[in-house]
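Subject: Structure handover

Hello,

Here is the structure I promised you. Please open it and keep it beside this email as you read.

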Amino acid sequence: MSEMFDAVDALVASRSPLPSAEERKRLRVAHGLTLDDVAGALHVRRATVSAWESAKKPTEPRGSEREAYARLLKQLAELYPAPVPATFTGAPAPAEAPTLSTGPAPEAAVMTATENTQTPAPAPAAAASAAAPRPAPTTRPTSSTSRRPGAKKAAPAGTLAGGADPRFENGPLAVVDVEDGKVLAYCTGGLVLDVPAKSLPSLVDWTLKEAKLGQPKLSGPGRPADPLIVLTEAACERYGLPVSLTEEEKHAGRIPESHKVIKQLTRAEWKLTKRGFGPWARIYRPAKGSDRQCVQLCIPSWNALDPRFWDDAAQLPPAELARVLGLYASRVMTPRGSTAVTSLELMTALHPPTHAVRDEETGVLRQAETKTPGSLGTDPVDCAPCEAPDGHPVLNVLELPRFHVRGPAEKLFEEAYDWARPMTDAECTLRHLVGLDVNMAFAAGANGLTVGLGEPTHVKNPVFDPKLPGSWLVDLSHVDLSKVKVGKEWVELDGSLLPSPFTQKGDRPTGPAWYATPTVAYAAELGYDVAPTEAWVRYDNGRYLDGWYSRLRDAYLATMADLGVDADLSPADFLTAMDGYKERDPELTIVITAIKATVKGGIGKLRERPRGEGWRPGEPWRALSRPTWRPDIRAAVISRTRINLHRKIVKHAAFTGQYPIAILSDCVVYAAGGPSPLDFLPYRDGKPLPGGFKLGINPGLVKHEGTQSVLWGEEVRERFDAPALNLARSIKDGTVTDVDNGE
């Protein structure tokens, strides 16, 4: 009888309910687990776990594997409950892409309809998981003359929005403007609210109590995003703020503490963060339990929307600005400052440093005493001496001579390429110089990268481990690019026409130097032995940037799809779609610029340098107090990005005999017989060279950066008397300045 019962139990377990594939992945990532972690625990292959999480066509575990997998997911679901409860079924659940709509919520649509105003009509979602319904350009307000004559008051608390979170049913943000003496709040989706607030403190109160603005949390242990209020010039005047900052205030990054508006906030018991009242001001009251009261302000006329990262967003009318910022918020996150600051906030939001646990005795939720697995924690960690930039306090113990300049054997130099060489006689006979640009190169470099999460450990004479993140002191001067391993075969190349993969300028190393793990691993991949003499490694590690990459990738692909550039286009159709895509919807182009700036700014912010503040070498600066000040992670991402590009260059050279003449960061230039990338990229039946350059919009694939004539290139180099002038810097539009020659 017992055997019969065991058989029944096994039969039931073989049909243990499982959540959707998307929810499976969310739970794993929320707990900081890798595919390898789960595969090891369940005694299956990594590819098997990946197939269980496949959004397109997930496979289903069977037997004891299914029972164990269901048990794991159930425990993770208790730790990281989903904002919307996942549907468990005995059979595979259909994967549903999250809808991050830029259109109005149902009740918002009713509001705008009663005012005889057209509302955006949603289009089918893009293939990317973060794709949002695309509003038709002809149905949104296009100028100040199309604004609504009357605006609705904020809906009373408790009204529902067809399943939407009632706390945030009016969207993540609002642009506050004054028209005909009336204060209006332009929200996403075309919704306009009437603002009764007469002062800035009352505007903050209204935002938290009536506006119903904000954004749900991005991960289980995280917290919802604070509402964002954008103040136009007219709104600044209405609430007693200067329309623009004085030179002194610009230098300080804030208005003085004696300003009357700050006194109003103080009397109303509101507080400001340490950075004060600047272009991105955060106004709050200390949290009481789970009750968080905080509003983020953005003031475009104070240069909050830097044109380097937001193009001309600051000049847009309120409705259009709400559309741009709202789309960015729905696909990336609600801005919390510059794109670089927002990028770090996104990393933290996806991997919150702390989480709640239930007290076994009282049953009350409290903050865990240990950091959330997979996060960087709440406390900053010191970098290794070789990873420290000049002036870092960790270098004080080395007692270096004054004005000492550290070389590669003392300091980690992992930077993007800035390399060029003279053209050969054969290349000069060709007619064109064609530039290729790697899409979202640094995001692609972060994808799947294992980085350190904790403190470094110093090791002498270590055995190199390509899976262990860290910095390694090793001599790679023996690596000869004239003969390298491509796959499993040795190939001979013209090493004089290739940059070294180990240095920014492409020079061959002359002795021992510090390198990040991806660089040393690539030397071994090329077929050469590596023997480090010293290392700083991080045994506490994980794929911290995977969620950050996925979020930004999906945002980029969805927005490019809205502009008519889809991920599944043929090479020729892709080049056609990319031609003039920026003119199709200039506002979406602003979002693309901001997404790209979020990638690069976040990587750069990981090693933020002192910004004035009376800093002196050897003293700590403000950024060092952040857990996200991690120069080792920045170095690893840049290392992998540079190596990814070099690997493509080597495979292309081995197959075609063509070599680059210039590389600048993520742009590479080739001499070609025709003006198009298809004139020299080795496509066969529409298929690219495996491991080489492939045209497409996905991160890591390439697009056409620009084409100039070989004659133009030679004239430029002759004019500046620089045979190795980096033409990649000017290949896009042909504009060359003295800066290009280092003058």
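First, the ground rules. This is a predicted model, where local features need pLDDT of at least 70 and side-chain atom pairs count only at pLDDT 80 or more, while totals for chains, interfaces and linings use all residues. Residues are numbered from 1 along each chain as its sequence is written, and side-chain values use heavy atoms, with hydrogens and water left out.

**The cores**

The largest nonpolar core has 113 residues. A nonpolar core is a set of buried Ala, Val, Leu, Ile, Met, Phe, Trp, Tyr and Cys residues joined through side-chain atoms within 4.5 Å. Buried means under 20% relative accessible area, exposed over 50%, and partly exposed in between (1.4 Å probe, protein chains only). W310, W548, M560, I595 and F693 have the most contacts inside this core. Helix α20 (residues 631-656) gives the most to it, with 9 residues. Helices are DSSP runs (H or I, at least four residues), numbered from the N terminus. A second, separate core has 35 residues, including A197 and F277.

Take M560. Leaving aside neighbours within four places in sequence, M560 is in contact with V565, M578, Y581, I592 and I697. Contact means heavy atoms within 4.5 Å.

**A helix pair**

The axes of α13 (residues 339-350) and α17 (residues 546-562) come within 9 Å and cross at roughly 120°. Axes are lines fitted to C-alpha atoms, for helices over the stretch in contact, and angles run from 0 to 180 degrees between N-to-C directions. So α13 is oblique to α17. Oblique is what remains once angles under 35 degrees count as roughly parallel, over 145 as roughly antiparallel and 65 to 115 as roughly perpendicular. On the α13 side, S343, L346, M347 and L350 make the contact. On the α17 side, G547, W548, R551 and L552 do.

**Single residues**

Is H646 buried or exposed? H646 is buried, with a relative accessible area of 0%. H646 sits in helix α20. Leaving aside neighbours within four places in sequence, H646 is in contact with Y417, L481, P499, S500, P501 and Y522.

E78 lies in helix α5. E78 is exposed, with a relative accessible area of 61%. The C-alpha atoms of E78 and L27 are separated by 9.8 Å, and these residues are 51 residues apart along the chain. L27 is one of the buried residues of α2 (residues 21-30).

Best wishes

How values were computed: Helices (H or I, at least four residues) and strands (E, at least two) are DSSP runs, numbered from the N terminus.
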